[in-house]
Amino acid sequence: MELFVGEGNPHCLKVLAALEVTGVQCGVQFINHEEKVVPFLSRPALPALLLPSRQHLFSPNTICRYLFELNGPESSNQCNQWLEWEATVLQPVLFRALHMAVLQGKGSEVAKVLQGPLNVLDQSLGKGSTAYLTGEALSVADVVLWGALHPVLSDSSLALSAHQSVKAWFDRVAAVRGCQSAAQKVLQGKGLEAMRSYMQKQPAPQSSQGRDAQPCNSSPAESEEGDRVVSEEEMEAAVLTWGKDLNACSQATEKQHPIMPQEGKRNVLITSALPYVNNVPHLGNIIGCVLSADVFSRYGRLRGWNALFVCGTDEYGTATENKAREEGLTPKQICDKYHAVHSSIYKWFQIDFDFFGRTTTEKQTEIAQDIFWRLQKNGFLVEDTVEQLRCESCQRFLADRFVEGTCPHCSYPEARGDQCDKCGRLINAVELREPQCKVCRQTPVIRSSKHLFLDLPKLESQLEQWLEKSTSSGDWTANAKQITRSWLRDGLKPRCITRDLLWGTPVPHPDFKEKVFYVWFDAPIGYLSITANYTNQWEKWWKNPHQVELYNFMAKDNVPFHSVVFPCSLLGAQDNYTLVNHLVATEYLNYEDTKFSKSRGIGVFGDMAKDTGIPSDVWRFYLLYVRPEGQDSAFSWADMALKNNSELLNNLGNFINRAGMFVTKFFEGCVPVMELQQEDKKLLAVVGWELQQYIQLMDKVKIRDALKHILNISRHGNQYIQVNEPWKKIKGGESERRRAGTVTGVSVNIACLLSVMLLPYMPAVSQTIRDQLNAPQSCVNAMLQGPGTFACALRAGHRIGAVSPLFQKLEADQIEALKKRFGGQQPEDEPSNKKVQIGASTQPAAVPAPAAVAQVQAAVGSDPEKAKQLAKAVAEQGEKVRALKSQKAEKAVIAGEVAKLLDLKKQLALAEGKNPEPATQKGKKK
């Protein structure tokens, strides 16, 4: 390995310190800041680490983390949170402070600029009882933050000694071997002066006040920012932008289908994880996949990208077969029914797919079988006889998701037959301790069956080379990288791609003609087949890696199949497939203080949201406001009401409505003449900066954080109106009336900008604002181009439309009723760690219990004697069901007896003090 660094570069200091502290064997070259080391970047980038694979890392924090993890444990979540805080919160503020101290001679102002982030750090260190940020041992977070802060904290002239906890921690890290020598090598003992050459080559920085380092369920928007220091240069630049002609900047065009890659454009292919067809998606499913992808897709079009957004229902597999049996339909009829349900839900949520398809198509069979034969031809498939679990009661091999037991790795009692939701480890179903069939709750037996496997070990080196490049150059979320690393850490193993099922894509091999493809080999190919059903030129998207960027959106439980299994399938096919460049995974969204559960009536599911009377845009806003980007978050009715009433009604809606009403009431519906004063220019600069931050965050798919800047702008606008009081000035003399006109005109133009920034989040509200303002299409086409263009879209004399309130208050009694409606019924004494029984919640309610059952029901209680009676009744009814099945009795007769059996099991569970209903797991089900 070779590390390339430059003198005076503060980012190189922390990387060199990480190298010295870890003792990793690596060459070091000091080079000029202008030298280009990373070949595929258009600009010089230091530091850069050349890996043995000849790939490059060039993100300072990524390099530091790589060095620490090379011979040590994987970074903890807390450590990664600090790294994220350093990169997104501390660095912008710190860079501005360095710019002021080194180039502007304003060292006396540095303490004020850095006060927010240093307060956060000081409070965190002061509250903890450990020596370092994440514990008693030095971590990569300590080295990164120490290296970042060293230039300012080691300079006594900057008077930053007020934070005692920070100072003690800083001195403690400085004493670690290697830290001071790294600082000496980079700064040459010259302190801040050593950075002058480097700083002169950097663009003028922007500032940001720090926010809390720890992710929480409150939005970053709640962390109010202090007043920015706005320079004269920034104000003049903002005035120049204000005067631009938006028609000249406009690039966006109307969508024309089919959308195809274009030369000279940024071609972006966006997918969201295919929802499993027989699950009605709950709010967590919606935010984790389709809604996040929709926001980014809409944003990409505003940026002028050539974007295609595809999704569809994943329809094959045992779950569909089982659902069909429950409802007395064929698998195809079930798929048709629930595909329509999904389509209806997403339409109500305004998910703007370019194409929403499905996997049960001829194209799916054609493409999946082609990839299969290519893998076979290239030697990446192997045969093996495997032991499988077979339920003798149900007379079938059990698919992974129909087996449940205790995880052999972490002892989680509800692990599935393919993966443990708690530790994330892969599992072979036969490895489960105390396995149970999820259909009948009997213990399955082990039987042998011949299957085909994808030879992942043979593809591992190709995969690792591709991953190094994709994760370093693309925007992969931290959890996506961590989950992928955990899969690779212990080495890959062959992965079975066939199953003993009926409903699936048939395996074309003559020796396996009675099998189908395993859903996680088959399902991701659905992205390709859905695109092929959209356009017969689908290969221009999916076999065009040099021209197309691929974004995958999903919840974290789907990561390994998109980062390891599916890429290995495409790499092994050797057909120039487009692989994922940016893998965007959310954590989980919970409901209040529990999980979503359809069977227990807990939580809001997609088909219920529209019956609440709350507009879909408000649902979108709140889900995006609490989007679980850094850690799990929770939907809360009280919080939703608070955010609606404070952020939408009192902040955003209040500002936009006031701006429009002033035009209507004071200026006869026409935008007045604007004569900009210093205060107005400063506001233009501040709003322009917020717009730039919004764009930078959205480009990195930081959807929740970007929303903060929309709400910040409306806060600035409200404050601007409040200070200037145009409703009073309009009654004064000529100069005061002109001032009222300027404030009104600037405000209504800020409202126009907000309508564009809101479009990805709240498309209907965005359109309503633009209709009320009679805003030109050029504002939509131009304002988010490049670094952002806050220009005067509504010039003096522009006539606006009728103005009306955008949002309604959510009343306390309304929210309380909704909370009760969706709260479900849960036993008060249900142990949180008790393994729940999968009961009869999915069985037809019309099947009556026999008299004997009714008598037992009346006697159910905590008496162990009653539980014995029920256990005997369950055994007898189970024998009856098995006998009917062996005699091939009519389905209706069997279904009725099965319903009785499940009802008895439900009563038995209650008698034993257990919860008879299933708890729906988080994330997408396969």
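**Starting from one cysteine**

I began with cysteine 311, which stands opposite phenylalanine 356 in β7. A reminder to myself: this is a predicted model.

Next I looked up how the strands around that spot pair. Strand β6, residues 306-313, runs parallel to β7, and four bridges link the two.

**The sheet**

Which strands make up the open sheet, and in what order? I count five, ordered β7-β6-β5-β17-β18, with parallel pairing. At the edges I found β7 (355-358) and β18 (582-586), each of them pairing on one side only. I also noted the twist, which averages 20° from one strand to the next.

Then I checked what lies across β6 and β7, and it is helix α13, residues 331-348. Against β7, helix α13 runs at about 160°.

**A helix pair**

I moved on to helices α2 and α5. To describe two packed helices, I want the angle between their axes and the distance between the axes. For α2 (residues 60-70) and α5 (residues 140-153), the angle is about 145° and the axes are 10 Å apart. The crossing of α2 past α5 is right-handed.

Which residues make this contact? From α2 I wrote down Asn61, Cys64, Arg65 and Phe68, and from α5 Val140, Val143 and Val144.

Key
Residues numbered from 1 in each chain as written. Predicted model: local features only at pLDDT ≥ 70, side-chain atom pairs only at ≥ 80, totals over all residues. Heavy atoms only, no water. Axes fitted to C-alpha atoms, helices over the stretch in contact; angles between N-to-C directions. Left-handed = near helix turned anticlockwise from the far one by under 90°. Contact = heavy atoms within 4.5 Å. Pairing = 2+ DSSP bridges.
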